[in-house]
Amino acid sequence: MSNELIKPIIAGNWKMNGLESSIDELVKLIDLSSEIIECDVIIIPPYTLLDRFNSLLRKDKSILKLGAQDCHYMRSGSYTGSISAEMVKDLGVQYVVLGHSERRIQYHETSELVAKKATIAHCSNLKTIICVGESLADRNSGRHEEAIQHQLTDSLPKGFTNLNTIIAYEPIWAIGANNSASVVEISQMHRFISSLLLKYSKENHTLPIIYGGSVTQYNAKDIINIEFVNGLLVGGASLKADSFFGIINSI
Ligand code: PEP
């Protein structure tokens, strides 16, 4: 999917950060500037802030969309401590991030589990942001394409389309690092992922592919201008309203 076909997607993943006091400034800044912002902005706070965010957004007018950081693979049941896709949908959420490398590593989530979660998320009318990314060892041994191909093949649910699924390419070695992947590395991997998606898609089209890994207001513009990059998934730099807004503004 070449850059000019869709609005850039800028998503901010707060991970396990943020309290009520973190919200107001960001919502104000983005709502005030909504007329000039030409991208889809998705904020992905912890579950505890979803309802508060939802009540602050100017209904129908806000360009800010809400995402959840995960959901369970079952619709409901005896899963103490878990949150279902239907529950987050009920809070006004439109997107859910699945298969983030932190969940794959810290919670041993497999690509097959990611596909199960994506299926249930789509049943609840959530759009999924499915993360894939190679480790430093994969990259250093030249197996990065193979690693991504495996993750992608196994993580995509049966009914994926370019309307319900976004792919986030996040090389693990570039997350929370001082530097993002280089323009050449991003360009090569996004082109590769795009060609795989074209092969896998029943409708013969690729999906939006966004990049994540040490994006800041200083490198966002260069990255978004790379062919096959349709947006950005931002971690650390999304936590402060001014740096997240700086990224949106630079685009
Ligand atoms: C992430 O964890 O998804 C991420 C992209 O983090 P950061 O922007 O801090 O590298």
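Modeller: A charge sits over a ring if NZ of Lys or CZ of Arg is within 6 Å of the ring centre and within 35 degrees of the ring normal. The model discussed here is predicted.

Biologist: Which residue lies over the face of Tyr 107?

Modeller: Arg 103 does, at 4.2 Å from the ring centre.

Biologist: How many aromatic pairs are there?

Modeller: The count comes to three aromatic pairs. In one of them, the rings of Tyr 169 and Tyr 211 have planes at 55° and centres 6.4 Å apart, so the pair is tilted. Tilted is the class left between stacked, under 30 degrees, and edge-to-face, over 60.

Biologist: Where in the chain are Tyr 169 and Tyr 211?

Modeller: Tyr 169 belongs to strand β6 (residues 165-169) and Tyr 211 to strand β7 (residues 209-212).

Biologist: Are Tyr 169 and Tyr 211 buried or exposed?

Modeller: Both tyrosines are buried.

Biologist: Where do His 108 and Asn 125 lie?

Modeller: His 108 is in the loop between α4 (101-106) and α5 (111-123), whereas Asn 125 occupies the loop between α5 and β5 (127-132).

Biologist: What is the relative accessible area of His 108, and what is that of Asn 125?

Modeller: His 108 has a value of 66% and is therefore exposed. For Asn 125 the value is 59%, so this residue is exposed; the cut-off for exposed is over 50%.

Definitions and conventions:
Residues are numbered from 1 along each chain as its sequence is written. This is a predicted model: local features need pLDDT of at least 70, side-chain atom pairs count only at pLDDT 80 or more; totals for chains, interfaces and linings use all residues. Side-chain values use heavy atoms; hydrogens and water are left out. Helices (H or I, at least four residues) and strands (E, at least two) are DSSP runs, numbered from the N terminus. Buried means under 20% relative accessible area, exposed over 50%, partly exposed in between (1.4 Å probe, protein chains only). Rings of Phe, Tyr and Trp (its six-membered ring) pair if their centres lie within 6.5 Å; planes under 30 degrees apart count as stacked, over 60 as edge-to-face and the rest as tilted.
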